[in-house]
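Colleague: I would like to learn how to read the features of a model with several chains. Could we go through them one by one?

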Amino acid sequence: MAAGAPVIEAKGLNLTFQTGDGPVHALKDVNLTVNRGDFVSFIGPSGCGKTTFLRCVAALEHPTGGTLTVNGMTPDEARRKRAYGYVFQAAGLYPWRTIAGNIALPLEIMGFSKAEQAERIERVLELVELKGFGKKFPWQLSGGMQQRASIARALAFDADILLMDEPFGALDEIVRDRLNEELLKLWAATGKTIGFVTHSIPEAVYLSTKIVVMSPRPGRITDVIDSPLPKERPLDIRDSREFIEIAHRVREGLRAGHGDEV
Amino acid sequence: MAAGAPVIEAKGLNLTFQTGDGPVHALKDVNLTVNRGDFVSFIGPSGCGKTTFLRCVAALEHPTGGTLTVNGMTPDEARRKRAYGYVFQAAGLYPWRTIAGNIALPLEIMGFSKAEQAERIERVLELVELKGFGKKFPWQLSGGMQQRASIARALAFDADILLMDEPFGALDEIVRDRLNEELLKLWAATGKTIGFVTHSIPEAVYLSTKIVVMSPRPGRITDVIDSPLPKERPLDIRDSREFIEIAHRVREGLRAGHGDEV
Amino acid sequence: MREKVLPVLSVLGIIVVIWYAAAVWMNSTWVYDQAERAGTTVSFAEMVPQTMAQDRPLLPPPHQVVKELWKGVAGQAVTSKRSLVYHGFVTFRGTMMGFALGIVMGVALAVSIVRFRVMDMSVMPWAIISQTIPIVALAPMILTVSNQLGIDNREVPKAIISAYLSFFPVLVSMVKGLRSPDAMQLDLLRTYNASESETFWKLRLPASMPYFFASLKVAVAAALIGTIVGELPTGAIEGLGARMLIGSQFGEPLIMWAALFASAILAGMLIVLVGTVEQVARRRMGGPA
Amino acid sequence: EDVTLQLKWVTQAQFAGYYVAKDKGFYEEEGLNVTIKPGGPDLAPPQVIAGGGADVIVEWMPAALAAREKGVPLVNIAQPFASSGMMLTCLKETGIQSPADFADKTLGVWFFGNEYPFLSWMSQLGLATDGSPGGVTVLKQGFNVDPLLQKQAACVSTMTYNEYWQVIDAGISPDDLVTFKYEDQGVATLEDGLYVLEDRLADPAFQETMVKFVRASMKGWKYAEANPDEAAMIVLENDETGAQTENHQKRMMGEIAKLTAGSNGALDVAAAERTVASLLSGGSDPVISKAPEGAWTSAITDKALQ
Amino acid sequence: MIWLGGAILFWLAAWAVNASVAGSAAGRSRAGRVFVPLLFGITVLVLWEGVVRGFGVQPVILPAPSAIWARIVASPEVLWADFVQTVVKGALTGFVMGVGAAFAMAIAIDRVPFLQRGLLPIGNFVAALPIVGLAPILVMWFGFDWQSKAAVVLVMVFFPVLVNLVAGLQASERMQRDLMATWGAGYWQALVKLRLPAAMPFFFNGLKIATTLALIGAIVAEFFGSPIVGMGFRISTEVGRLGLDMVWAEIAVAALAGSVFYGAVSVVERWVTFWHPAQRH
Ligand SMILES: Nc1ncnc2c1ncn2[C@@H]1O[C@H](COP(=O)(O)OP(=O)(O)OP(=O)(O)O)[C@@H](O)[C@H]1O
Ligand SMILES: Nc1ncnc2c1ncn2[C@@H]1O[C@H](COP(=O)(O)OP(=O)(O)OP(=O)(O)O)[C@@H](O)[C@H]1O
Ligand SMILES: Cc1ncc(C[n+]2csc(CCO)c2C)c(N)n1
Ligand SMILES: [Mg+2]
Ligand SMILES: [Mg+2]
């Protein structure tokens with residue numbers, strides 16, 4: 001498929017959870033098109049439905065209304081074609097596997113050879129700066145290290161679409177910057193489509209080609225900003241005028257989303 | 001006890017974990033004095049021992065060397081005197097209790113009356129902007145909402161010492177700013193001593209009277225910065241020269257901590 | 001080692017003391033009754049020794065049981081049919097067969113129940129019902145039927161009875177254990193489009209291990225009980241069950257007590273065995289030592 | 001020719017004749033290869049034979065007749081036991097001196113098909129067994145005499161050759177006991193007989209086998225009667241549980257010999273009819289509903305004893 | 001052969017129906033949850049009847065379901081009296097006492113590490129005392145009536161509940177325990193507020209196994225001495241009398257009682273451990 005073709009298309013998407021005390025309208029009338037090779041960030045107050053939307057895309061949640069297609073298929077068909085790499089908001093490592101074992105898990109399932117597995121594990125561990133921790137068990141790692149291990153797990157295989165739910169939330173600025181750069185490099189090299197949830201406005205602006213601003217109760221999209229920044233992004237682009245302008249627009253959008261509460 | 005008296009005193013603190021493949025030196029020769037009413041931030045690359053240090057203070061981990069006193073007692077004695085409010089890095093809510101029930105838990109343990117409990121739950125839910133979610137169960141909340149519930153739980157009772165491990169990691173900028181302000185207000189009003197782990201340099205600088213920069217392998221303190229900022233801190237203090245200077249010093253410290261790896 | 005042995009020994013000591021006291025108390029009735037029948041009276045001091053050496057004590061004091069056990073274990077060649085070791089081995093063999101069969105049945109059923117909704121809905125209730133049927137009532141029928149099918153060997157019906165009792169704890173725990181992975185762990189595999197069998201091997205099975213091992217201890221005890229039950233009507237020929245029956249039927253409570261303790265020791269050994277396997281597995285699965 | 005014999009209970013001198021016949025080669029002499037299956041609690045020999053697990057069984061006549069009514073056509077082909085060894089053993093201190101004193105007492109009884117003689121005796125005495133006032137309270141007694149020793153029952157069922165001696169061994173002197181033998185009370189029923197399925201008897205070859213079997217078995221019984229100690233030792237050797245003792249078995253053999261004495265294996269039809277009469281007289285709940293036909297045959301013993 | 005063939009055909013058809021119902025939305029409804037196991041049960045009965053008639057199995061070996069049903073209808077008083085004696089007096093009393101004792105013991109073991117190391121290994125021994133060895137002794141000690149049956153049930157129920165509860169009390173997560181520690185919660189507070197709730201899924205596992213054991217225990221104990229009422233008494237007596245229809249009638253009552261008992265425990269479980277992933281699947 002050509003770059004630029006629509007990969008994710010949501011039309012009038014709705015999702016309502018039935019809970020003990022009444023329905024929760026997690027997504028309301030969401031329309032969004034993500035093209036091949038896009039890097040889309042989702043930003044919005046907590047509880048606005050970012051996770052829920054990503055879960056819908058990955059066919060982990062079933063919308064109660066509207067249509068959603070991925071590569072022209074239903075999300076479930078795309079899932080069966082192993083289109084997704086998903087980094088959850090919590091690390092979600094399997095406690096009975098070592099870090100290396102956790103990263104090996106998707107590789108085993110997708111049938112990589114033992115040698116290939118070892119080679120990839122080595123590579124992604126290095127990428128997330130966890131070299132030498134492969135043999136540790138999850139509970140022997142700090143929170144940030146666990147989060148990085150879970151990122152490594154999603155990067156180890158070549159999914160078309162990478163969905164990342166606040167992957168860098170537990171990392172310090174320096175590592176975060178470094179991983180941001182790495183992620184951009186990876187994206188540039190592979191042309192993956194990336195859906196990325198973050199709470200950091202600079203991060204969203206720095207990484208994305210498209211920024212989706214959401215607002216809660218009911219969860220909906222309030223703004224979609226196409227970034228005019230070039231594909232090549234040195235770290236100091238963050239001091240450029242364009243960057244600051246986009247950041248400002250995002251912040252305004254966010255503030256508006258919070259408006260109803262304050 | 002007078003304000004300014006030492007509350008936490010660590011002298012030559014060491015902690016080594018024995019793991020399957022060799023010992024991990026999580027804390028090495030840590031010296032630190034925290035005075036009553038201090039707001040201390042810990043910042044450092046992931047895996048540098050921030051969580052471990054906080055756990056030692058709360059008597060959840062036992063140092064393998066050095067001395068550590070809290071209010072002149074051992075951490076364990078202090079714990080039994082209910083000196084601590086602790087917000088863990090992961091939300092850690094009890095799945096069989098509603099959000100309100102989770103917040104009520106420490107109150108029940110400390111013997112607050114039913115009416116008092118209800119009143120406090122109401123107040124802290126409002127503080128963390130979760131009003132109306134009291135009756136939901138943890139798995140019905142988004143990640144950020146769970147994190148806020150766990151903050152509410154730690155704020156509901158009046159612990160002398162508040163230990164918070166990346167409490168705002170999963171929150172968006174706006175809520176984060178708001179909660180930062182609230183936390184400062186609470187701190188000013190109550191004169192609590194606060195230990196606070198964060199990965200955000202601006203957050204650390206904005207909140208703290210003392211910033212502790214740590215570095216990993218082995219985990220140690222590389223810099224302790226006493227903030228010259230006034231106690232009264234409007235949000236725009238972040239644009240002041242002093243603020244930017246301190247932030248710079250912290251960033252340099254952090255970068256140095258990472259140095260050995262890059 | 002010392003921290004392990006000392007508490008067991010002291011608790012054991014306390015139990016022995018209580019046991020002796022109870023033996024004196026319970027066996028004294030008989031002493032007083034006998035005295036009354038003989039028209040004499042006995043003092044407390046005369047009574048106590050008489051409670052220690054009865055042929056048919058209500059509760060034999062520990063040393064009597066130990067003596068009988070010793071006689072059964074060391075008093076003869078282990079191949080002799082009077083040897084408790086020999087009978088213990090017969091029971092052990094039956095238990096292991098039934099236990100193995102029970103694990104296989106329990107796990108297989110649990111897997112199909114978790115995998116197929118039809119199985120869950122239709123078989124689970126009947127698996128439960130199967131356990132409410134008193135096996136002792138079925139044992140002779142199982143024997144007769146296997147006889148009719150031309151199985152003339154006593155081991156098979158015994159193993160069936162034993163498996164019948166031991167598969168259930170495994171089934172119940174495994175169903176729960178296989179369902180214990182939380183939503184996120186399952187979702188992760190869904191994003192990999194892992195097949196059902198991969199989900200099973202890589203997630204459900206490892207997650208069920210704590211439940212599995214908790215059930216094994218119960219199951220091995222059940223298998224032993226099943227074997228002993230199977231040893232009664234299957235001709236009461238060999239095994240600890242047969243010894244118990246004969247001891248009871250021939251008014252030799254000591255034979256019965258000795259067999260009872262032999263089976264408890266056997267059970268203890270089996271449980272320790274299972275516990276050791278559990279420890280090893282736990283360590284390999286990253287549990288804190 | 002293979003023959004499988006299902007015993008009523010565990011290996012003990014009660015079945016000495018068969019073990020002797022096997023060990024002494026009497027079966028072999030007849031060209032038979034006999035397998036002796038010990039019984040156990042809850043194993044009903046009629047069920048085993050109905051299921052094809054045995055060719056011939058040892059059973060008490062009341063149970064055999066009851067089974068016949070249930071559709072298992074058992075036929076008595078020989079009766080090595082001439083008299084009954086069943087009795088009620090009571091503690092004197094309970095004040096029981098005669099059956100008239102049973103009222104309102106607790107009596108231990110074996111069930112599992114062994115209760116029929118007791119029930120018909122009670123109905124002849126006019127004592128209700130449902131626990132109502134003026135009747136007797138019945139306990140289902142286990143395998144031993146504990147209820148008597150623990151004074152949970154005033155009387156328990158015993159066999160002259162086994163349980164009675166358990167009471168004595170326990171240290172209660174015969175003077176402290178009162179016993180009621182079913183023989184003496186005129187309610188005796190026939191015990192250990194040999195039974196086969198009626199339809200198989202129609203086969204002359206099977207008949208022939210049974211003739212040989214009964215002949216050899218009776219030879220065994222008579223040998224055991226004459227050499228009780230040796231017979232007891234043979235039983236002991238055949239006991240795979242290893243729990244039986246020489247003392248017990250020798251004494252049991254001595255008592256058994258008294259019961260088999262006077263029987264050459266042929267069924268005493270008068271005794272059989274007495275058994276039937278006793279069972280039919282069971283009041284409102286008789287053990288059998290009508291006199292059986294063809295429940296015994298002399299065809300085998302007639303040939304075997306020529 | 002007609003019977004047999006018909007029964008097998010019925011089996012196949014019913015299985016197909018069940019598979020489709022279970023797979024469909026109807027299978028999730030309350031009616032579906034009753035219908036599927038019911039149809040399965042009916043299938044088993046039809047197959048059973050077919051085999052008995054088709055092969056001409058003798059009623060003294062295995063009676064047909066129709067004969068068993070006829071017996072049930074003919075003797076409700078006897079069945080009821082036996083039920084009260086065995087289930088209500090024997091099994092339930094013993095169950096309650098056994099679970100209570102296991103609970104107390106689990107907490108004692110948990111509270112006092114010395115006991116944990118000393119008593120648990122010995123508990124393993126006691127637990128595996130085979131009921132057939134124990135029952136005669138307990139009958140000797142506690143008499144012939146239901147008290148001795150309750151004692152047998154107590155002993156049988158004790159171990160599975162204890163083992164599961166002890167495992168459950170270790171099942172809370174580290175962070176959850178750490179939270180309690182930071183609040184300075186005492187032992188009992190942590191127990192009631194954290195460790196017991198976290199132990200409940202395990203505890204109910206034990207309870208479910210115990211419900212079936214309780215019934216088996218009460219019935220089997222009657223084999224070793226009893227008054228002349230009770231399900232175990234009836235079963236053992238009727239086997240000897242070749243009244244297999246009555247035996248199976250009692251078994252049917254036992255199965256019914258056991259299922260109701262188990263179902264009741266499951267309902268309570270669902271209610272208490274609603275938060276456990278196994279309940280939300
Ligand atoms: N229970 C444990 N067993 C073994 N090693 C451990 C254990 N807990 C922590 N560690 C190790 O100790 C070091 C410090 O961990 P700690 O959790 O204190 O880091 P942290 O500064 O909080 O990092 P983060 O910002 O990622 O949360 C890490 O290298 C970690 O692997
Ligand atoms: N399983 C569920 N049952 C009921 N309500 C749910 C469930 N999952 C999510 N919700 C609700 O849906 C809304 C959106 O949740 P979602 O997790 O998508 O938020 P989010 O944008 O990812 O927030 P955060 O930044 O805090 O992670 C929230 O109000 C939440 O309470
Ligand atoms: C459960 C049960 N109890 C008693 C007997 C009775 N029984 C049959 S033969 C015999 C003689 C024993 O020496 C005895 C006592 C039995 N068969 N099954
Ligand atoms: Mg989220
Ligand atoms: Mg940490």
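Modeller: Start with the area buried between chain E and chain C: about 5,600 Å², of which carbon and sulfur atoms give 81%. Keep in mind that this is a predicted model.

Colleague: How many residues does each of the two chains bring to that contact?

Modeller: Chain E brings 64 residues, and chain C brings 64 residues. Six pairs of chains are in contact, and of these chains C and E share the most contacts.

Colleague: How many salt bridges cross the interface of chain E and chain C?

Modeller: The rule finds one salt bridge there. Glu269(E) pairs with Lys176(C), with the closest N and O atoms 2.5 Å apart. A salt bridge needs the nitrogen within 4 Å of the carboxyl oxygen, so this pair qualifies. As for polar contacts, three residue pairs are found across the interface of chain E and chain C, both residues being at pLDDT 80 or more.

Colleague: Which elements of chain E supply the side that touches chain C?

Modeller: Those giving two or more residues include α1 (2–23), α2 (30–55), α9 (187–221) and α11 (244–272) of chain E. By class, that side of chain E has 45 nonpolar, 14 polar and five charged residues.

Colleague: Next, the pair of chain A and chain C. What area is buried there, and what share of it comes from carbon and sulfur atoms?

Modeller: About 2,200 Å² is buried between chain A and chain C, and carbon and sulfur atoms give 61% of it. In this contact, 29 residues of chain A meet 20 residues of chain C. Tyr94(A), Trp96(A) and Ile109(A) supply 32% of the area that chain A buries against chain C, more than any other three residues.

Colleague: How many salt bridges are counted between chain A and chain C?

Modeller: Three salt bridges are counted. One such link joins the side chains of Arg55(A) and Asp187(C), at 2.7 Å from N to O. The count of residue pairs in polar contact between chain A and chain C, both at pLDDT 80 or more, is three.

Colleague: Which elements of chain A each supply at least two residues of the side that touches chain C?

Modeller: They are α2 (75–80), β5 (84–87) and α3 (99–109) of chain A. The largest share, four residues, comes from α3(A). That side of chain A divides into 18 nonpolar, two polar and nine charged residues.

Colleague: How far is chain A from chain D and from chain E, in terms of nearest C-alpha atoms?

Modeller: Chain A and chain D do not touch, and their nearest C-alpha atoms are 48 Å apart. Chain A and chain E do not touch either, with nearest C-alpha atoms 10 Å apart.

Colleague: Now the cysteines. How many disulfides does a search of the whole structure find?

Modeller: The search finds one disulfide over all chains. Cys90(D) and Cys155(D) form it, with their sulfur atoms 2.1 Å apart. The link of Cys90(D) and Cys155(D) is right-handed, with 100 degrees about the S-S bond. Cys90(D) lies in strand β5 (residues 86–91) and Cys155(D) in strand β8 (residues 155–159) of chain D, so the pair ties together parts 65 residues apart in sequence.

Colleague: Are Cys90(D) and Cys155(D) buried or exposed?

Modeller: Both Cys90(D) and Cys155(D) are buried.

Colleague: How should I read burial along a helix?

Modeller: An α-helix has 3.6 residues a turn, so residues three or four places apart point the same way. In helix α5 (residues 116–125) of chain D, the buried residues include Tyr116(D), Pro117(D), Ser120(D) and Trp121(D). Gly126(D) follows α5(D) and has a positive phi, near 75 degrees.

Colleague: Is Leu280(D) buried, exposed or partly exposed?

Modeller: Leu280(D) is partly exposed, with a relative accessible area of 31%. Leu280(D) is found in helix α13 (residues 269–280) of chain D. The C-alpha atoms of Leu280(D) and Ala13(D) are separated by 31 Å, and the two residues are 267 residues apart along the chain.

Notes. Residues numbered from 1 in each chain as written. Chains lettered and ligands numbered in written order. Predicted model: local features only at pLDDT ≥ 70, side-chain atom pairs only at ≥ 80, totals over all residues. Heavy atoms only, no water. Contact = heavy atoms within 4.5 Å. Buried area = accessible area lost by both parts, 1.4 Å probe. Polar contact = N/O pair within 3.5 Å; in protein donor to acceptor, adjacent residues only side chain to side chain. Nonpolar A, V, L, I, M, F, W, Y, C, P; charged D, E, K, R; others polar. Disulfide = S-S within 2.5 Å. Buried < 20%, exposed > 50% of the residue type's maximum accessible area, 1.4 Å probe, protein only.
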